[in-house]
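Reader: Please take me through this model term by term, setting each value against the cut-off that it has to meet.

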Number of protein chains: 2
Amino acid sequence: MMKRMNATTKTSDLTRQKMLEAAFAEIHRNGFQAASVSQILLDTGLTKGALYHHFPDKKTLGLAVIDEVIRPFMTAMMFAPLLETEQPLSTLQALLQSKSMFNDPAEVMLGCPLNNLMQEMSPVDETFRVKLNALFQDWVDVVAAALKRGQQASEVRQDVLANDTAFFIVSALEGCIGMSKNTQSVAAFNGCLMQLSHYLETLKATKTAA
Amino acid sequence: MMKRMNATTKTSDLTRQKMLEAAFAEIHRNGFQAASVSQILLDTGLTKGALYHHFPDKKTLGLAVIDEVIRPFMTAMMFAPLLETEQPLSTLQALLQSKSMFNDPAEVMLGCPLNNLMQEMSPVDETFRVKLNALFQDWVDVVAAALKRGQQASEVRQDVLANDTAFFIVSALEGCIGMSKNTQSVAAFNGCLMQLSHYLETLKATKTAA
DNA sequence: CTTGACACATACCAACCGGTATGTATGATG
DNA sequence: CATCATACATACCGGTTGGTATGTGTCAAG
């Protein structure tokens, strides 16, 4: 008698998820403000009744995209590999060289969803800014924590300021992605990452250290 | 009999200039797509008749802002100091430390106008992308040329790839500005610039070189 | 003084936007 | 079977947008 309905199989949750993903794609293409609710509905084949049943308004939908799409993506992609490593520099180098960052070349030209939203929404809406900045700060904290572990493991020089350096690494990476998105050149992107890679090398502890 | 009317004093050019600057401010605050034509008119005290007399449409106005406001600004601010220097690293360091980059703290939170527009418009409109990328590429070229001069003058290491490095420097700087705009922290911004400064130091030629 | 082009102002429009009000099919529950 | 909430679909609304059509003041030329 009890129908099977865990969190993932309930049909209403599936439609909700479909809308979140369609909204993410639309926002990724056009930004949040220019994202068309109608287009999201066209993409999903759903209607306004469906959307506004699950979300009170467009803004809430956008915030939900951050929490339920972008954050999990970033967590799996960028946070996870760094969470327990004691060689953060090696791990970061591997991350930079992993081609997974631009599997789909079309996706590269759209840039980093997090950065896109930060640039657009932070000056315009405080709610967005706080949520986006929390995600960004989490990222920086993950990198900083990894750098500190690297210092204890003597992979990282003792005199590097973990927090500032982590902030810079993430900023420079986002900068590289952003600039390459305009240039539309994978070569330029790789060249840029190479320089970032060189910078990471300068953080390495000298072999002579204890 | 001949009225004094050089390029700057003609009244119609003044109104045009007023609109360009108001448009720049509005775009800087809200991005191009979200920029309201009506708001620009309110700011200038002018009307639609005036605007559409000087510009055929909103898009042309936006492109004119890039050519006639942003480009001159960037040229004076970032290009000029690098144009003939033979110590690019010192010049760049000075540029980074010059507080002129954030005279008005409110302006900092709005980010770099060039980068803002690139992030927003490049994936959405090819005309914008080409024009913005040309300006960005000019910037990179100026830095690259300076680095090459620095190599001849033995301030810069011979093994640095001027073009890639210039691209990275500009990208990282834009990244720092962008991230700090979200964080809304001048301290974070300065910390980020400090790391960029450290990176620049690693480009210095060793004293022992010829 | 007249003319006519330029530089705007005023009034207005069609299109589209996010959001709402309401109708309906489904399915669980008592 | 009756009831009632959930999960949507359909139709529509007020507001705003970029853009246009037209009117008007100014000013230089003839």
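Author: We can start with A:W139, which is found in helix α8 of chain A, where helices (H or I, at least four residues) and strands (E, at least two) are DSSP runs, numbered from the N terminus. The model is a predicted one, in which local features need pLDDT of at least 70 and side-chain atom pairs count only at pLDDT 80 or more, while totals for chains, interfaces and linings use all residues. Residues are numbered from 1 along each chain as its sequence is written, chains are lettered from A and ligands numbered from 1 in the order in which they are written, and side-chain values use heavy atoms, with hydrogens and water left out.

Reader: Why is A:W139 called buried?

Author: A residue counts as buried under 20% relative accessible area, as exposed over 50% and as partly exposed in between, with a 1.4 Å probe and protein chains only. The relative accessible area of A:W139 is 4%, so A:W139 is buried.

Reader: Which residues is A:W139 in contact with, leaving aside its neighbours within four places in sequence?

Author: Contact means heavy atoms within 4.5 Å, and with those neighbours set aside A:W139 is in contact with A:M74, A:M78, A:F79, A:L114, A:V170, A:L173 and A:E174. The C-alpha atoms of A:W139 and A:T75 are 8.4 Å apart in space, although the two residues are 64 apart in sequence.

Reader: What makes A:F32 and A:F128 an aromatic pair, and which kind of pair do they form?

Author: Rings of Phe, Tyr and Trp (its six-membered ring) pair if their centres lie within 6.5 Å, and planes under 30 degrees apart count as stacked, over 60 as edge-to-face and the rest as tilted. By this rule the count over all chains comes to seven aromatic pairs. One of them joins A:F32 and A:F128, whose rings are 4.8 Å apart centre to centre with 50 degrees between the planes, and the pair is tilted. A:F32 lies in the loop between α1 (11-30) and α2 (37-44) of chain A, and A:F128 in helix α8 (residues 126-152) of chain A, so the pair ties together parts that are 96 residues apart in sequence. A:F32 counts as buried at 9% relative accessibility, and A:F128 does so at 1%.

Reader: Why is the pair of B:F168 and B:Y199 called edge-to-face?

Author: The ring centres of B:F168 and B:Y199 are 4.9 Å apart and their planes stand at 70 degrees, so the pair is edge-to-face. B:F168 belongs to helix α9 (residues 162-183) of chain B and B:Y199 to helix α10 (residues 186-201) of chain B, and the pair links these distant parts of the chain, 31 residues apart. Both B:F168 and B:Y199 are buried, and ring pairs link A:F168, A:Y199, B:F168 and B:Y199 into a cluster.

Reader: How do you know that the charged end of A:K58 sits over the ring of A:F32?

Author: A charge sits over a ring if NZ of Lys or CZ of Arg is within 6 Å of the ring centre and within 35 degrees of the ring normal. The charged end of A:K58 is 4.8 Å from the centre of the A:F32 ring and sits over that ring, and in chain B, B:K58 lies over the face of B:F32 at 4.8 Å from the ring centre.

Reader: Why are α8(B) and α9(B) called oblique to each other?

Author: Axes are lines fitted to C-alpha atoms, for helices over the stretch in contact, and angles run from 0 to 180 degrees between N-to-C directions. Angles under 35 degrees count as roughly parallel, over 145 as roughly antiparallel, 65 to 115 as roughly perpendicular and the rest as oblique. Helix α8 (residues 126-152) of chain B and α9(B) pack at about 125 degrees, with their axes 8 Å apart, and α8(B) and α9(B) are therefore oblique. Among the residues that meet are B:F136 and B:W139 in α8(B) and B:V170 and B:L173 in α9(B).

Reader: At what angle do α8(A) and α9(B) pack?

Author: Their angle is about 125 degrees, with the axes 9 Å apart, and that makes α8(A) oblique to α9(B). A:R129, A:N133 and A:F136 of α8(A) make the contact with B:M179, B:N182 and B:T183 of α9(B).

Reader: What makes helix α5 (residues 88-97) of chain B largely enclosed by the rest of the structure?

Author: Seven of its ten residues are buried, so helix α5 of chain B is largely enclosed. The buried residues of α5(B) are B:P88, B:L89, B:T91, B:L92, B:Q93, B:L95 and B:L96, and they pack against α4 (58-79), α8, α9 and α10 of chain B.

Reader: Why is B:N115 called buried?

Author: B:N115 has a relative accessible area of 5%, so B:N115 is buried. B:N115 is found in helix α7 (residues 113-121) of chain B, and, leaving aside its neighbours within four places in sequence, B:N115 is in contact with A:Q119, A:M179 and B:E174.
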